[in-house]
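Work through these exercises with the model open beside you. Try each task before you read its solution.

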Amino acid sequence: MVDGTGNERAGGRRRQGELETQVLSVLGSAPGPVTAGWVQEQLGGDLAYTTVMTILTRLYAKRAVSRSRVGRSFEWTPVADGAGLVAMRMRKLLDNQEDRGAVLSSFVSSLSTHDEQLLRSLLCEADDPER
């Protein structure tokens, strides 16, 4: 099934992390710290306010957003973008494994040639910031 934004849904539901990515995208386009109501409005208003608050609170727990109290509510600011959120998830999964080497080896061996070359290039840049 495809939703109104062209995203496929499994059984009519959003894919895992899709809402978080959408909320981060909205926050990334914000003029500064914004309220959950502003985020809800930018998402088209189809989501309940409580759903938006739940997503923002989950992102806060993952350290992908920050918040500051303004009156009785919060204003939200992105700390990570969509790519940063995926990287945090990957790092969390890796941190929960006993044999990190085996996990990383398996991951690298499953990459396409292009992605492997990209990863090698990124690692070389990280080792030599003067490049």
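The model is predicted: local features need pLDDT of at least 70, side-chain atom pairs count only at pLDDT 80 or more, and totals for chains, interfaces and linings use all residues. Residues are numbered from 1 along each chain as its sequence is written, and side-chain values use heavy atoms, with hydrogens and water left out.

**Exercise 1. Confidence and layout**

Task: Find the average pLDDT of the chain, then list the order of its elements.

Solution. 
- Step 1. pLDDT is the predictor's confidence in each residue, from 0 to 100. The chain averages 85, and 85% of the residues score at least 70.
- Step 2. Residues 1–9 have a pLDDT below 50. Beyond near neighbours in sequence, this stretch has 14 contacts in the model (contact means heavy atoms within 4.5 Å). Where pLDDT is low, the predicted coordinates should not be read in detail.
- Step 3. Count the elements: six helices and two strands. These are DSSP runs, numbered from the N terminus: helices are H or I with at least four residues, strands are E with at least two.
- Step 4. From the N terminus, the order is α-α-α-β-β-α-α-α.
- Step 5. Of contacts between residues at least 6 apart in sequence, 37% join residues at least 24 apart.

**Exercise 2. Helix H1 and its cover**

Task: Which residues of H1 are buried, and what covers them?

Solution. 
- Step 1. Apply the cut-offs: buried means under 20% relative accessible area, exposed over 50%, partly exposed in between (1.4 Å probe, protein chains only). In the chain of 131 residues, 21% are buried.
- Step 2. The buried residues of H1 are Glu18, Leu19, Glu20, Gln22, Val23, Leu24, Val26 and Leu27.
- Step 3. Eight of the 11 residues of H1 are buried, so the rest of the structure largely encloses this helix.
- Step 4. The cover includes helix H2 (36–42), H3, E1, strand E2 (73–78) and H4.
- Step 5. Take one distance to H4. Gly82 is found in that helix. The C-alpha atoms of Gly82 and Val23 are separated by 9.3 Å, although the two are 59 residues apart along the chain. Gly82 is partly exposed, at 24% relative accessibility.

**Exercise 3. Salt bridges**

Solution. 
- Step 1. A salt bridge is a side-chain nitrogen of Lys or Arg within 4 Å of a carboxyl oxygen of Asp or Glu. The whole structure has four.
- Step 2. One of them joins Lys62 to Glu20, with the closest N and O atoms 2.8 Å apart. This pair links distant parts of the chain, 42 residues apart: Lys62 is in the loop between helix H3 (49–61) and strand E1 (65–70), Glu20 in helix H1 (residues 18–28).
- Step 3. Glu20 also bridges to Arg89, at 2.6 Å between the closest N and O atoms. Arg89 lies in helix H4 (residues 82–95), 69 residues from Glu20.
- Step 4. Glu20 is buried at 7%, Lys62 is partly exposed at 33%, and Arg89 is partly exposed at 27%.
- Step 5. Arg120 and Glu116 form another bridge, 2.8 Å from N to O. Both lie in helix H6 (residues 113–127), four residues apart, about one turn of the helix.
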